[in-house]
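Please open the structure in your viewer and follow the selections below in order. Each stop names what to select and then describes what is found there.

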Amino acid sequence: MATYLVTGVNRGIGRALVDGLLARGHKVIGTTRDGKAPVEHANFQVIACDITDTHAVRQAAEAIAQPIDVLIQNAGVFGPRPQELADLAPDDFLDVLNANVVGPWRVVQAFLPHLQRSGQGRVLMISSGMGRFSGSSQGAPAYRASKAALNKLVQTFAHDLKRDGIAIVACHPGWVRTDMGGAGAEIDAKVSADGLIQLAENLHLSGTGRFMDWTGHTQDW
Ligand SMILES: NC(=O)c1ccc[n+]([C@@H]2O[C@H](COP(=O)([O-])OP(=O)(O)OC[C@H]3O[C@@H](n4cnc5c(N)ncnc54)[C@H](OP(=O)(O)O)[C@@H]3O)[C@@H](O)[C@H]2O)c1
């Protein structure tokens, strides 16, 4: 049994991750903006954490004393739709970067001591195939750029965290039927979550610094 911290668990992939982790007997600390979650379980605890708020993220970290074995930084936003060069307000772009790039930075920074205390800490940064430099780059420039920047954070964090024996990967969760992915997406949130959990359970330091998908395959950046 490992202790997982998962951000953004009130809906979507985060919610499915909680269900999957509890079913496997893991302990889960979930975060939501308001500290409420639609889950009640002896192995589940929820804390408030808005990842765009540095003070809130630090307070959340201070509220947790126990070591964290696996951090799944899942919370994120797509940003305005449509999202084109001609009509996206620059301040809306800043909001997307704050949530998808600076937010994960805040979370990893605040919970680093908990990962260090685990002795075998692992981090999954939920990114997106839309942040890849290879392949199509049509549409959603703010979202794509935010996930590309997140991927670069993962590459650099991997070097720093290796000193502490902590592995970190960027993960593409698939195109998932959630509020963000839409009803026409390819896979159910449970399928994505089950794959991501398997990935977390099999992640070792030798695999750090990669971009993986939910099936466990390494992706091009
Ligand atoms: N669905 C897909 O097809 C797909 C594909 C590639 C990557 N992803 C990535 O997978 C992750 C989860 O996506 P999803 O499809 O489950 O999206 P979702 O259904 O829109 O859920 C997003 C989650 O993130 C939380 N969140 C957003 N901003 C937050 C903030 N500032 N502080 C705390 N929590 C915040 C939301 O909480 P609130 O309810 O409070 O907003 C919600 O719990 C995201 O990082 C997304 O970019 C999704």
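Select helix H2, residues 54–62, together with H3: in this predicted model, the two helices pack at an angle of about 30°, and their axes lie 9 Å apart. Angles under 35 degrees count as roughly parallel, and H2 and H3 are therefore roughly parallel to each other. The crossing in which H2 passes H3 is right-handed.

Next, display the side chains at this contact. From H2, select Thr 54, Val 57, Arg 58 and Ala 61; they meet Arg 106, Val 107, Ala 110 and Phe 111 of H3. Sorted by class, the contact of H2 with H3 comprises five nonpolar residues, one polar residue and two charged residues.

Now turn to the ligand and select the 26 residues around it; Gly 8, Gly 12, Gly 76, Thr 178 and Gly 181 come nearest. Which helices each supply at least two residues of this shell? They are H1, residues 12–23, and H3, residues 90–118. H1 provides the largest share, with three residues. Colouring the shell by class shows eleven nonpolar, eleven polar and four charged residues.

Finally, show the whole protein chain as a cartoon. The chain contains five helices and seven strands. Traced from the N terminus, its elements follow the order β-α-β-β-α-β-α-β-α-β-α-β. The radius of gyration is 16 Å, close to the 17 Å that the globule rule gives for 221 residues, so the chain is as compact as a globular protein of that length. Along its principal axes, the C-alpha trace spans about 50 × 35 × 35 Å.

How values were computed:
Residues are numbered from 1 along each chain as its sequence is written. This is a predicted model: local features need pLDDT of at least 70, side-chain atom pairs count only at pLDDT 80 or more; totals for chains, interfaces and linings use all residues. A residue is near a molecule or strand if its C-beta atom, placed from the backbone, lies within 6 Å of it. Helices (H or I, at least four residues) and strands (E, at least two) are DSSP runs, numbered from the N terminus. Ala, Val, Leu, Ile, Met, Phe, Trp, Tyr, Cys and Pro count as nonpolar, Asp, Glu, Lys and Arg as charged, and the others, Gly among them, as polar. Axes are lines fitted to C-alpha atoms, for helices over the stretch in contact, and angles run from 0 to 180 degrees between N-to-C directions. Angles under 35 degrees count as roughly parallel, over 145 as roughly antiparallel, 65 to 115 as roughly perpendicular and the rest as oblique. A crossing is left-handed if the near helix is turned anticlockwise from the far one by less than a right angle, and right-handed if clockwise. Two residues are in contact if their C-beta atoms, placed from the backbone, lie within 7 Å. The radius of gyration is taken over C-alpha atoms; the globule rule is 2.2 Å times the number of residues to the power 0.38.
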